[in-house]
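Subject: Structure for your review

Dear colleague,

Please find below the structure that I am handing over to you. I would be grateful if you kept it open while reading the notes that come after it.

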Amino acid sequence: MKRVCLLVISTLFSTLALADLRIGVSIAQFDDNFLTYLREAMADEAKREGGVQLQFEDARGDVVRQLSQVESFVNQKVDAVVVTPVDTAATRNMTAAAKKAGIPLLYVNRRPQEELPAGVVYIGSNEKLAGRLQMEALAQKMGGKGNLAIMLGLLSNDATHGRTAGVKEVLAKYPDIKVVEEQTAEWQRDKGMDLMSNWLTSGRQIDAVASNNDEMAIGAAMALRQAGKQPGKDVFIGGVDGTPDGLAALQRGLLTVTVFHDAKGQGRAAIENAVKAARKESVPAVVDIPFELVTADNVAQFKNR
């Protein structure tokens, strides 16, 4: 009887040990609002899964630091690696390190510009769709004519290029809408505010702003108010992400439109698929989390998402 009990206990502890998974997560930068929601969703999903330990690292916008973090995860022999890249054009060495070690690698939110090898997963959204949804809504508000300014995110990010390409795809249908400004504010609210102030000071007539994210859009709206102009009346402003701040700004009339980017959905899918990959279960090469248009008419539906 003692032997049976010892065998059961031994088997139980062995099973628990096998069930514990360690996942290394390198986030491009902790001080990014959207990536904060993404990180929180990952932590929540790990708790829900049970037996999953996440090791978060902040790359602080540094490509070299992020590569070092991934190499450290590989050396620690974690069960899977999750990365939101600092620079989507600089992922090859991270991919190679994880592949060589046979450790599952999942890129989340920012799609690498390299062709990902078999077994490496991308979880995110179609960035062009975000730009198309945003610009179509702005074009309708503009009556199909006027001057447009585009606020770009970090030029090293695939999201910047994809969202802007989506905007320009829609503009091809509206020859009377002219792009008069196109500059980066690096995803930041304060830089968006400064950039909008500079545009206004130059005397350039701007009828609408297509911002690659909500933070820059909010900054643009704040600059307009400081200049005595009314966002939503004098200038239409569109954002992307549908963050809590973005949704609140939309309800207050600062933003005309935004596009909901599902941080919770991406975070949950990242950990869910990392766990599956670590357990040698089948995972898709791409997990698409769709964008959704948010206007004053439906904003309430997104408040708790």
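The notes below describe what was found, topic by topic.

This is a predicted model, in which local features need pLDDT of at least 70 and side-chain atom pairs count only at pLDDT 80 or more, whereas totals for chains, interfaces and linings use all residues. Residues are numbered from 1 along each chain as its sequence is written, and side-chain values use heavy atoms, with hydrogens and water left out.

The open sheet

Six strands make up an open sheet with parallel pairing, in the order E2-E1-E3-E4-E5-E11. Helices (H or I, at least four residues) and strands (E, at least two) are DSSP runs, numbered from the N terminus; two strands pair if DSSP finds at least two bridges between them. At the edges are strand E2 (52-58) and strand E11 (286-288), each of which pairs on one side only. From one strand to the next, the twist averages 20 degrees; axes are lines fitted to C-alpha atoms, for helices over the stretch in contact, and angles run from 0 to 180 degrees between N-to-C directions.

Within this sheet, E3 and strand E4 (residues 105-108) run parallel and are joined by three bridges. Val82 has Leu106 in E4 as its bridge partner. Helix H2 (residues 33-49) packs on the sheet and touches strand E1 (21-27), E2, E3 and E4, its direction making about 165 degrees with that of E2; contact means heavy atoms within 4.5 Å. Helix H4 (residues 92-101) also packs on the sheet, where it touches E3, E4 and strand E5 (120-124). The direction of H4 makes about 150 degrees with that of E4.

Strand E8 and its partners

Strand E8 (residues 208-211) is covered on both faces, with Ala208 and Ala210 buried on one side and Val209 and Ser211 buried on the other. Here, buried means under 20% relative accessible area, exposed over 50%, and partly exposed in between (1.4 Å probe, protein chains only). Strand E6 (residues 146-152) pairs with E8 in the parallel sense over four bridges, and Ala149 stands opposite Val209. E8 also pairs in the parallel sense with strand E9 (residues 236-238), over three bridges; there, Ile237 is the bridge partner of Val209. Together with helix H8 (residues 214-226), E8 and E9 make a right-handed β-α-β unit. A crossover is right-handed if, with the strands pointing away from the viewer, the path from the first strand over the helix to the second runs clockwise.

Two residues with positive phi

Which backbone angle is positive in Lys77, a residue other than glycine? The angle is phi, near 60 degrees. Lys77 lies in the loop between helix H3 (63-75) and strand E3 (80-83) and is exposed, with a relative accessible area of 64%. Phi of Trp187 is positive too, near 75 degrees. Trp187 is found in the loop between strand E7 (177-184) and helix H7 (189-201), and is buried at 8% relative accessibility.

Trp187 is also one of the contacts of Thr160, which include Leu152, Gly153 and Asn212 when neighbours within four places in sequence are left aside. Thr160 belongs to helix H6 (residues 158-171) and is buried, at 2% relative accessibility.

Gly144

Gly144 is placed in the loop between helix H5 (127-142) and E6. Its relative accessible area is 15%, and Gly144 is therefore buried. Residues up to four places away in sequence not counted, Gly144 touches Ala139, Tyr174, Asp176 and Ile177.

Aromatic rings

The structure holds one aromatic pair. Phe260 and Phe302 form this pair, which is tilted, at 5.2 Å centre to centre and 50 degrees between the planes. Rings of Phe, Tyr and Trp (its six-membered ring) pair if their centres lie within 6.5 Å; planes under 30 degrees apart count as stacked, over 60 as edge-to-face and the rest as tilted. Phe260 lies in strand E10 (residues 258-260) and Phe302 in the segment after strand E12 (292-294), so the pair ties together parts that are 42 residues apart in sequence. Phe260 is buried at 3% relative accessibility, and Phe302 is buried at 3%.

Finally, the charged end of Arg39 sits over the ring of Phe30, 3.9 Å from the ring centre. A charge sits over a ring if NZ of Lys or CZ of Arg is within 6 Å of the ring centre and within 35 degrees of the ring normal.

With kind regards
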